[in-house]
Amino acid sequence: MKTIIEPFRIKVVEPLRMTSPEERAGYIADAGYNLFKVSAAKVLIDLLTDSGTSAMSFHQWAGVMRGDESYAGSESYYRFEESVKDIFGFKHVIPTHQGRAAERILFSVMCKPGMVVPNNTHFDTTRANIEVQGTQAKDIPIQAYYDPATRHPFKGNMDTRLLRELIDDTGRDRIPLVMLTLTNNSGGGQPVSMANIREVKSICDEHGIPLYIDACRFAENAYFIKLREEGYADKPLKEIAREMFSLADGCTMSAKKDGLANIGGFLCTNDDLLAQQERNLLILTEGFPTYGGLAGRDLEAIAIGLQEALDEDYQQYRIVSTAYLGQHIAEQGVPIIQPPGGHAIYIDAGAMLPHIPSSAYPGQALAVELYRHAGIRSCEIGSVMFGKPDPATGKEIPAALELVRLAIPRRVYTQSHIDYVIEAILEVHERRDRLRGYRIVRQPEFLRHFTAEFEPL
Ligand code: F0G
């Protein structure tokens with residue numbers, strides 16, 4: 001059989017409320033044309049993020065009922081620790097309420113002003129948590145990353161020549177750690193190859209620098225390695241994941257992605273001294289080291305979810321269904337980041353709407369129209385999110401790319417939902433020359449995309 005089906009059946013359903021384009025035109029105007037301000041009940045298909053939006057399995061819900069809510073030494077913690085160690089293999093496992101809490105603790109302990117942290121591409125919370133320490137966050141992806149249309153099997157890789165140059169120029173003492181983000185979210189959910197992880201690790205070893213992995217989508221990365229890298233076709237996903245992590249000294253993790261949980265995260269390290277300092281910080285703001293800001297039931301859901309993410313049938317469905325959306329719109333001429341990534345499809349709104357300049361936010365125009373037309377919520381990742389005023393002239397410097405991300409929640413939508421999304425995108429694409437840009441009428445000083453208000457031009 002060549003049809004790949006959702007490898008689950010549905011036990012609990014969450015009704016969707018249908019709305020008309022006229023109603024949605026009103027809702028989005030009331031929200032200042034900002035999709036973050038639209039109530040979720042008024043969204044039909046929510047592709048804002050794949051983070052914390054997974055459907056849990058009945059095994060996970062059964063685990064929730066088993067949650068041990070003891071303050072110290074909870075049984076749920078030990079099951080969580082065992083599951084994490086089974087896959088990740090690190091000596092110390094520190095639970096946190098989500099990924100960014102693990103980042104904050106790691107960088108507070110390891111980074112000092114004037115230091116530099118290289119990464120294939122930092123996710124925005126990772127960058128912010130590094131910069132708040134007075135440390136520079138440096139992105140060094142391979143060249144293919146910068147061209148949306150270029151196909152590369154491991155477009156998430158780090159440029160190892162640039163890593164060597166950076167270490168030579170900066171000096172080993174000013175690089176507290178190197179990071180690799182698997183998969184590279186900001187670059188389109190693109191995987192990193194085992195060969196690249198291995199090469200980065202060997203450069204780190206030459207200079208005595210620890211390597212940490214941002215492991216949010218580790219299982220999707222492992223599946224891409226199985227599909228695309230020589231020598232891995234017959235290896236179980238867990239073995240591939242273990243090999244990836246055996247090359248690192250620690251990791252940060254948001255269990256809201258490949259933990260298949262609605263909340264949670266963790267920080268791992270092999271370094272005893274660092275682990276002690278990290279646990280001290282954890283107690284200050286997250287909680288005691290056997291719960292770290294999570295309920296026992298969350299720890300249970302994560303323990304089970306991490307293992308389910310490595311199920312091969314699940315990953316096949318996951319990667320094929322994301323690619324299905326990407327291929328069907330790309331075939332009809334919609335420009336996307338190629339090849340389709342693991343967790344999301346990124347439409348190149350700058351290329352799709354060449355008549356709308358960056359200063360009029362083509363990504364925002366497309367995202368708002370997808371909502372108005374079909375009730376689909378996506379996320380602008382362009383000049384609304386990353387545009388910055390030029391300190392000299394006050395004029396805005398646009399982002400490098402004007403993208404719209406359609407992130408696919410795990411195990412939530414069926415193929416007919418995705419067919420609906422495809423139809424909607426193609427209909428908007430047909431009349432793309434009639435879309436108009438936006439102007440910002442109100443914005444805060446930081447992270448403006450969450451709260452800014454817009455007006456159509
Ligand atoms: N690292 C990466 C690569 C991420 O994609 C995210 C979150 C984080 C770290 C932070 O984890 O949200 O649990 O604190 N990404 C979400 C997204 C928010 O929509 O891509 P968190």
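**Sheet S9-S14-S11**

I started with the open sheet, which has three strands in the order S9-S14-S11, paired antiparallel. I'm working from a predicted model here. I jotted down a reminder that strands in a sheet pair through backbone hydrogen bonds, either parallel or antiparallel.

Which strands sit at the edges? They are S9 (344-348) and S11 (379-381), each of which pairs on one side only. I looked up the twist too, and it averages 30° from one strand to the next.

Next I followed the pairing of S9 with S14 (residues 403-407): the two run antiparallel and are joined by five bridges.

Helix H12 (residues 312-331) does, touching S9 and S14. The direction of H12 makes about 20° with that of S9.

Helix H14 (residues 362-374) packs on the sheet as well, with S9, S11 and S14 all touched. For H14 I noted an angle of about 40° with the direction of S14.

**Ligand site**

- Arg 100 has a side-chain N or O atom 2.6 Å from a ligand oxygen.
- Ser 254 puts a side-chain N or O atom 2.7 Å from an oxygen of the ligand.
- Gln 98 has a polar side-chain atom at 2.9 Å from a ligand oxygen.

How much of the ligand's accessible area does the protein cover? On its own the ligand has 470 Å² of accessible area, and the protein covers 93% of that.

Last, I went through the backbone. Most residues other than glycine have a negative phi, and most peptide bonds are trans, so I wrote down the exceptions I came across.

Where are the cis bonds I noted? One joins Leu 182 and Thr 183, with omega about -20°. I placed Thr 183 in the loop between strand S5 (178-181) and helix H7 (194-207).

Another cis peptide bond joins Gln 338 and Pro 339, and omega there is about -10°. Pro 339 took me back to where I began, as this residue is in the loop between H12 and S9.

I also flagged Tyr 33, a residue other than glycine with a positive phi, near 55°. I found Tyr 33 in the loop between helix H1 (21-30) and strand S1 (45-46).

Key. Residues numbered from 1 in each chain as written. Predicted model: local features only at pLDDT ≥ 70, side-chain atom pairs only at ≥ 80, totals over all residues. Heavy atoms only, no water. Polar contact = N/O pair within 3.5 Å; in protein donor to acceptor, adjacent residues only side chain to side chain. Areas by Shrake-Rupley, 256 points an atom, 1.4 Å probe, with all protein chains shown as cover. Pairing = 2+ DSSP bridges. Helix = DSSP H or I, 4+ residues; strand = E, 2+ residues; numbered from the N terminus. Axes fitted to C-alpha atoms, helices over the stretch in contact; angles between N-to-C directions. Contact = heavy atoms within 4.5 Å.
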